[in-house]
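This briefing gathers a few local features of one protein chain, arranged by topic for reading alongside the coordinates.

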Amino acid sequence: EPRGLLGRTVATVEVGIKARRALDRVYRRIDAALAGRLGTLADPFEEAAELPAARRERIDELLDRIVRRGGDAAAVERIGDFVTAAPDPEVARIRPLALARRLALDPDAVVSACLHAAHEGLLVLLWDVLCPVCRIPSQIQDSLRALGQHAHCAACDVDFELDFGNSIEMIFRAHPEIRSSELGTYCVGGPAHSPHVLAQTRVAPGERFELELALTEGNYRLRGPQLPYAIDFRTDPRAAAERCEIELAHGPTPETPRVLRSGAQVIRLSNQSDRELVVRIERTAPRDDALTAARAASLALFRELFPGEVLAPGQLISLSRMTFLVTELEQSASLYDELGDAAAFELIHEHFRLLDARVRGEGGAIVKTVGDGIFAAFPDAAAAVRAACGALGDLAQHERTGRLRVKAGVHRGAAMVTTLNDHLDYFGSTVHRAFELARRAGAGELFLTDAVAADPQVAAQLRLRGIEPEVTALDLRGDPKPIVHRIAPLSAPGR
């Protein structure tokens with residue numbers, strides 16, 4: 001409270017008049033944003049920065065170039081609007097899948113447009129290193145070459161091993177020549193940075209607290225920064241238990257239920273320690289709005305536009321799950337004897353073109369050719385099976401390639417990522433098994449491992465095509481008698 005007349009006068013003007021007017025403008029703008037009168041891209045707190053005319057012309061020029069390069073016109077236009085009008089923090093970290101959801105656009109179109117935009121200089125491609133505990137970016141790298149095998153999260157004070165499929169996310173930012181924006185994490189404890197945290201409470205020493213939840217069916221984890229353990233549990237509508245009790249100082253017991261009824265649950269927390277403990281309930285399902293490095297590496301467009309985005313020589317990074325398609329062409333040597341080098345090469349080239357079209361069409365990428373076959377990577381099993389079925393059908397029905405004896409195998413599992421011959425490549429037992437499947441298949445056949453056939457989307461897809469795989473056990477090196485699903489030659493139309 002001001003002491004003198006001058007202080008009271010200044011306070012009246014600055015607080016009573018100027019600050020009141022400023023707050024009134026802010027609150028009216030927030031109200032307009034909530035009512036939808038400002039559009040989806042506007043900042044609720046402040047007016048958008050006006051870009052100079054020269055920069056707007058530069059943006060329009062780049063957008064036209066991106067469309068000519070093959071970018072979806074609608075997605076490119078909306079991204080241009082976003083880069084022009086969105087607040088600084090948002091253009092400093094653009095997550096393409098989250099942006100596609102926000103703008104109600106096709107995710108593949110937005111990812112493609114962002115890749116083209118980064119190649120043309122509208123955006124800059126970057127990599128977020130995500131902490132597996134808090135899911136907040138612990139580091140930002142401008143190249144895959146800068147990644148190591150481990151990273152550290154200062155917020156959680158934990159070291160963790162990098163995983164191509166979980167802890168590395170492709171992001172973009174507006175190019176500095178287009179807009180100046182500062183990369184950073186604002187309000188590190190804010191709920192926007194921890195969408196997986198569903199509940200959090202502090203339990204005082206000696207306190208008993210009942211945490212009432214309403215978790216839907218799924219997988220969850222109870223943990224805390226001071227707790228030396230984590231409790232994984234799931235909720236199921238058929239479960240009998242609705243309550244459980246946990247003594248935080250000692251952790252779970254064998255009697256602690258690990259399955260609770262979905263809908264409403266009560267977890268009673270007891271803190272017999274001498275310090276306050278923070279407890280969180282987290283959803284353990286992976287975020288579906290992250291364009292992981294694993295998914296990015298399986299995009300043909302990314303590999304084409306950014307061939308230099310590879311790991312440092314000798315660097316290995318684990319990959320928890322990836323699906324691989326391998327094809328093999330039988331008796332290709334006889335084609336050269338029968339048709340001559342030029343005609344045989346032209347026929348095999350057409351076979352590669354058809355394979356590549358199907359792989360790209362399903363969101364995969366050909367990692368390399370091996371002999372007269374391909375080794376392709378996909379982010380999910382259903383896309384790989386669609387590509388395999390479509391490619392084998394195309395080859396069998398094509399007037400020029402119908403004579404070729406092509407076979408294929410699809411397998412899914414963990415792998416390692418590295419750089420070989422200046423390209424991102426994969427190796428490990430999963431890769432070896434995919435090659436072995438293709439080798440063991442007959443002409444026109446597709447072999448799927450149980451890990452692939454058990455995928456619900458794959459099973460639904462095969463039913464839709466009217467395909468009933470033959471289930472058999474097959475001797476594969478390193479895996480005695482694995483279950484293999486054999487699909488007969490796919491030569492019938494529509495298959």
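Predicted model: local features only at pLDDT ≥ 70, side-chain atom pairs only at ≥ 80, totals over all residues.

The helices α5 and α6 are oblique to each other, a description that follows from axes crossing at roughly 125 degrees.

**Helix pair α5 and α6**

- Helix α5 covers residues 96-103 and helix α6 covers residues 107-120, and their axes come within 9 Å of each other.
- The crossing in which α5 passes α6 is right-handed.
- On the α5 side the contact is made by Pro-96, Leu-97 and Ala-100, while α6 contributes Pro-107, Val-110, Val-111 and Cys-114.
- By residue class, the contact of α5 with α6 consists of seven nonpolar residues, with no polar and no charged ones.

**Open sheet β2-β1-β5**

- Three strands make up an open sheet in the order β2-β1-β5, and their pairing is antiparallel.
- Because β2 (137-141) and β5 (168-174) stand at the edges with a single partner strand each, one side of each is left without a neighbour in the sheet.
- From one strand to the next, the twist of this sheet averages 35 degrees.
- Strand β1, residues 123-130, pairs with β2 in the antiparallel sense over four bridges, and Leu-130 has Pro-137 in β2 as its bridge partner.

**Arg-243 in strand β10**

- Arg-243 lies in strand β10, which spans residues 243-247, and its relative accessibility of 48% is the reason it counts as partly exposed.
- When neighbours within four places in sequence are left aside, Arg-243 is in contact with Glu-210, Pro-257, Leu-260 and Val-266.
- The C-alpha atoms of Arg-243 and Ala-365 are separated by 48 Å, these residues being 122 residues apart along the chain.

**Loop between β17 and β18**

- Asn-421 is placed in the loop between β17 (405-420) and β18 (423-427), and Asp-422 lies in the loop between these strands too.
- Asn-421 has a positive phi of about 55 degrees although it is not a glycine, and Asp-422, a residue other than glycine, likewise has a positive phi, near 65 degrees.
- With a relative accessible area of 71%, Asn-421 is exposed, and Asp-422, with a relative accessible area of 59%, is exposed as well.

Methods: Residues numbered from 1 in each chain as written. Heavy atoms only, no water. Axes fitted to C-alpha atoms, helices over the stretch in contact; angles between N-to-C directions. Helix = DSSP H or I, 4+ residues; strand = E, 2+ residues; numbered from the N terminus. Parallel < 35°, antiparallel > 145°, perpendicular 65-115°, else oblique. Left-handed = near helix turned anticlockwise from the far one by under 90°. Contact = heavy atoms within 4.5 Å. Nonpolar A, V, L, I, M, F, W, Y, C, P; charged D, E, K, R; others polar. Pairing = 2+ DSSP bridges. Buried < 20%, exposed > 50% of the residue type's maximum accessible area, 1.4 Å probe, protein only.
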